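Please read the points below against the sequence and the coordinates. They are set out by topic.

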Amino acid sequence: MQILQTFFRYKMVMKTLRIAIQKSGRLSEKSLELLKEAGISLNNGSRKLRSVAQSFPLEVIYLRDDDIPQYVEDGVAHIGIVGENVYAEKECDVDLLERLGFSRCRLSIAIPKSEPYRGLEEMQGKRIATSYPVILGKYLSEHGIRAEVHVLSGSVELAPSIGIADAIFDIVSSGSTLISNGLKEVETVMRSEAVIIANRRIGKEEAGLLEQLLFRIRSVMAASNNKYILLNAPNERLQEIIRVIPGMKSPTVMPLAEEGWSSVHSVLSEKRFWEVIDRLKELGAQGILVIPIEKMIV
Ligand code: ATP
Ligand code: MG
């Protein structure tokens with residue numbers, strides 16, 4: 001009886017963090033993958049409306065990406081993963097907690113390929129079709145441009161060819177959709193990537209869970225942005241080599257069996273990768289091995 005009471009009391013105070021992710025679309029797979037890499041396995045398929053994690057007090061709800069900011073503002077979900085473009089467009093009262101580095105794209109103005117373009121002034125009095133009227137409207141008014149904004153919910157890139165707009169404002173990633181519709185990109189208004197947004201009034205227990213989850217996510221992201229590097233260094237250049245790859249605290253240096261050489265182990269940022277490798281070769285480093293890191297606790 002005592003055990004049962006303790007159990008129910010425990011159940012009552014046990015809180016669950018609720019996260020909203022896109023049901024099906026460009027963000028879905030990467031969002032689920034991120035949770036998986038953070039050690040969170042879900043007990044049913046992603047195509048349900050909700051699922052519950054097994055190893056972490058987390059519940060996932062699957063929604064259209066447009067609806068996520070409002071659900072997070074209302075507290076239906078404590079946090080959500082959306083494109084920064086959707087976060088900016090919806091202007092909801094939520095916090096942007098973390099940029100996640102995937103689903104990178106930009107929002108740009110494009111016009112028919114054959115039209116001349118000398119600058120944003122060109123947009124004065126034009127009809128621009130978009131699914132992002134808020135972001136576009138702000139940009140135009142900041143630059144003193146008065147244009148007619150036509151809101152379309154999809155297939156925006158067709159608008160000029162069917163004669164309902166002179167220009168479009170839409171998501172671009174490789175630019176191939178624009179090209180195949182006879183358009184050219186003329187102004188980049190915003191860059192976007194997936195972000196975590198959060199409700200501003202999260203309870204104490206949920207905030208604790210959120211901290212744990214963010215810690216895991218940051219470790220996953222740090223690992224994917226860094227590589228483990230091992231190399232053999234001639235002792236006379238050791239200090240210079242150490243300066244090039246300082247690592248997290250300082251590199252591990254061990255003597256090789258061969259006199260005059262050391263083995264150096266360190267961590268290297270992906271961004272500086274090629275520049276550093278070239279420098280290490282110049283300094284006489286040999287046998288350079290670069291290994292992926294699975295998790296990085298910083
Ligand atoms: P939903 O049905 O959930 O409303 P959607 O059609 O509005 O989905 P998607 O096309 O799945 O949205 O795109 C989701 C997000 O992915 C966009 O808001 C944007 O942040 C990002 N995104 C869109 N297109 C690309 C692209 N070509 N490359 C990279 N990221 C993109
Ligand atoms: Mg959408």
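**Notes on the predicted model**

1. An open sheet of mixed pairing is formed by 5 strands, in the order β8-β7-β9-β6-β10. From one strand to the next the twist averages 25 degrees. Strands are DSSP runs of E with at least two residues, numbered from the N terminus, and two of them pair if DSSP finds at least two bridges between them. Axes for the angles are lines fitted to C-alpha atoms, with angles from 0 to 180 degrees between N-to-C directions.

2. This is a predicted model: local features need pLDDT of at least 70, side-chain atom pairs count only at pLDDT 80 or more, and totals for chains, interfaces and linings use all residues. Residues are numbered from 1 along each chain as its sequence is written, chains are lettered from A and ligands numbered from 1 in the order written, and side-chain values use heavy atoms, without hydrogens and water.

3. Strand β6 (residues 105-112) pairs with β10 in the antiparallel sense over 8 bridges. Within β10, K184 stands opposite I111.

4. The magnesium ion (ligand 2) has D65 (OD) and D66 (OD) as its protein donors, 2.0 to 2.1 Å away. Donors are N, O and S atoms within 2.8 Å of the metal (3.2 Å for Na, K and Ca); water is not among the atoms, so the site may look incomplete. D65 is buried at 18% relative accessibility, while D66 is partly exposed at 29%. Buried means under 20% relative accessible area, exposed over 50%, and partly exposed in between (1.4 Å probe, protein chains only).

5. C92 is buried at 11%, and C105 is buried at 16%.

Key. Helices (H or I, at least four residues) and strands (E, at least two) are DSSP runs, numbered from the N terminus.
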